[in-house]
Amino acid sequence: QVQLVESGGGLVQTGGSLRLSCVASGSIFSITTMGWYRQAPGKQRELVASITSAGRTMYADSVKGQFTISRDNAKNTVYLQMNSLKPEDTAVYYCNAQIRTSAASYWTAYWGQGTQVTVSS
């Protein structure tokens, strides 16, 4: 069993900051890419940022220079620092991780339950 648990969401005013955290736990042999997705009401889920185990990052154009993704491999944790938040950043944010539960298993995508981020104008 593998679990991803997000925290750090909430209500913030325009221009404010939030830091999301996601901890992976359970039967984990190895984690490769970890990432954050978001889904706004009536819209499809979209990739916000990702980071490899080596620390290589990728960002959606809409958040470049505004969000920073990082991870602590020893803690199986990924973070998303969100600055200068805007109402259009309002969404449920989901953590994703590609995990192997043993040396013989395939990589499997796991998801967290989501954390709500609401930016008021």
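**View 1. Strand E8 is mostly covered.** Of the 6 residues in E8 (residues 77-82), 5 are buried, where buried means under 20% relative accessible area, exposed over 50% and partly exposed in between, with a 1.4 Å probe and protein chains only. Strands here are DSSP runs of at least two E residues, helices are runs of at least four H or I residues, and both are numbered from the N terminus. Please keep in mind that this is a predicted model: local features need pLDDT of at least 70, side-chain atom pairs count only at pLDDT 80 or more, and totals for chains, interfaces and linings use all residues. Residues are numbered from 1 along each chain as its sequence is written, and side-chain values use heavy atoms, with hydrogens and water left out.

**View 2. E3 and E7 each pair with E8.** Two strands pair if DSSP finds at least two bridges between them. Strand E3 (residues 18-26) runs antiparallel to E8, joined by 6 bridges. Strand E7 (residues 67-72) also pairs with E8 in the antiparallel sense, over 6 bridges. Look for Gln81 in E8: it is the bridge partner of Arg19, and also of Thr68. In a regular strand, side chains alternate between the two faces of the sheet.

**View 3. Asn76 sits in the hairpin of E7 and E8.** This hairpin has 4 residues between its strands. Asn76 takes a positive phi near 50° there.

**View 4. Trp36 is a buried residue of strand E4.** E4 spans residues 30-39. How large is the relative accessible area of Trp36? The value is 0%, so Trp36 counts as buried.

**View 5. The whole chain puts the close-ups in context.** The chain has 11 strands and 0 helices. Its 121 residues would give a compact globule a radius of gyration near 14 Å, and the chain agrees because its value is 14 Å; this radius is taken over C-alpha atoms, and the globule rule is 2.2 Å times the number of residues to the power 0.38. Along the principal axes, the C-alpha atoms fill a box of roughly 50 × 25 × 25 Å. Of the 121 residues, 40% count as buried. Among contacts (heavy atoms within 4.5 Å) between residues at least 6 apart in sequence, 56% join residues at least 24 apart.
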